[in-house]
Amino acid sequence: LQYGMSCITALFAIASLVGCATKQEWRSRTVYQILTDRFARTNGSTERCNDYRDYCGGSFVGIKNNLDYIQDMGFDAIWISPIVENTPGGYHGYWVKDLYKINPHFGTEQEFVELVEECHKRGIWVMVDVVANHVGMVGQDYSTIVQFNSSEYYHDYCQINYDDYKNNQWRVENCRLCDLPDLKQEHPYVRKTLLDWIQYLVTKYKLDGIRIDTIPMVPKDFWAEFAHSSGVFTIGEAFDARVEYVADYQGPLDSVLNYPLYYMMKAILTEGLSFREIRAHYDRMSRLFKDQEVLGNFLENHDNPRFLSYYNCINRWRTGLAFSIMSVGIPMVYYGSEQAYAGGGDPNNREPLWYTMSRDSTHYEFMKTVIDVRKKHKIWNEPQIERYVDDHIFAFTRGDVFVGLTNTNTEQKRTITCHPYPKGTVLCNIFYFEEDCVLVIGGKFELILVNGEPKIFVPRKFDSPSGNLRREVS
């Protein structure tokens, strides 16, 4: 700690020389989320991991050696799980032991530096996950927590109950989540230590952004200071379906993961909720969020069961992916989605990717095709405009890109009359560009969705996407 703290002043002196991406610039990025321990091993080994509740061997070098795999899909940013040293069993990174040491299971400080440098050479931005709410699971013996080794740095012992999230914000902010010791951010030493550390971390490693864990467990005024100290784009996790609750954290932070939209789409795609509900949902979001364009869109992540584990339908899953990438916001895609991983709850949703890191799968190609159209058409510069909605169909445009989605496997046929295309425009489905095209005539065109497939149309004047996919029937 003494050495790390002594370096801070010198690093801050050059902080102004380090370029950082703005909130608005992050809108253009498509983010690939990585759990370092599960992505790739240093030596390229594909041996199985016998215990998903402990370290499996993924490393910074493993990520660096496989950046082509990520970049070839079109991703231009990565979100990496926390990098600091953890208490035993903290393969995920969220059990802090020493803020100023790199987790040795993942590699050395120099290897992380080299990973960031290689990403930046390729135009890939790096976002690192950070934790400032709690430390590792050590009960009430804090002696091994390097920066916070005294009980005075923690709130008094109590556990958050399920009902607290709706009824008692004080307990949410002052009690333990899953028995993880809850830091007392109002303590001057704790506050200063966390603020100094995040500035050090971002500056030393030249990070482009941070994702912040468990933000509802800490008062908002602390997050405002934390974000300012970081000096980069900040996106927080508020694991809650309520728009009004989650939206309050955008302001202290630049952005939040869009959990309200995640839960809405999950209900529409898997529970029979009408697509009509999304109109009112977007209206609520537009009124309550300060900037929808930088919210983090996702279908899956490390905290939730993968889609295919609870709804085994490839086309419905593809619909969710297409929506999360094409709708307004910053797409954040969980590793393994491109291989149709179907792990259930933690830790089964944290499978090693080295089992099936293939670029030949149709799912990898699907991901690549959707991201390609997002980037070619720069849809982040275009508003999302609803073009059709009923119980089973939702269609919208971003500029000249038309997205048609359904929540049923029954064939759906609709006539689209609200659209931006002039008469005679030929619109082609990016997934089957040469065989699935429609003509705009008489001010309208037909949208036909078969077996629950999503469709994304672009005018034929644009180059064909990378290739046709195999049609799925389920």
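How do the axes of helix α9 and helix α10 cross, and within what distance do they come? In this predicted model, in which local features need pLDDT of at least 70, side-chain atom pairs count only at pLDDT 80 or more, and totals for chains, interfaces and linings use all residues, the axes of α9 (residues 188-205) and α10 (residues 220-230) come within 8 Å and cross at roughly 30°. Residues are numbered from 1 along each chain as its sequence is written, and side-chain values use heavy atoms, with hydrogens and water left out.

**Helices α9 and α10**
- Helices here are DSSP runs (H or I, at least four residues), numbered from the N terminus, and axes are lines fitted to C-alpha atoms over the stretch in contact, with angles from 0 to 180 degrees between N-to-C directions.
- The two helices are therefore roughly parallel to each other, a term for angles under 35 degrees.
- Residues of α9, including W197 and I198, meet residues of α10, among them F222 and F226, where contact means heavy atoms within 4.5 Å.

**Helices α12 and α13**
- The axes of α12 (residues 259-270) and α13 (residues 277-288) come within 11 Å and cross at roughly 175°.
- That makes α12 roughly antiparallel to α13, which is the term for angles over 145 degrees.
- Among the residues making this contact are L261 and M264 of α12, together with I278 and Y282 of α13.
- By class, the contact has 8 nonpolar residues (Ala, Val, Leu, Ile, Met, Phe, Trp, Tyr, Cys and Pro), 2 charged ones (Asp, Glu, Lys and Arg count as such) and 1 polar one, from the others, Gly among them.

How values were computed. Parallel < 35°, antiparallel > 145°, perpendicular 65-115°, else oblique.
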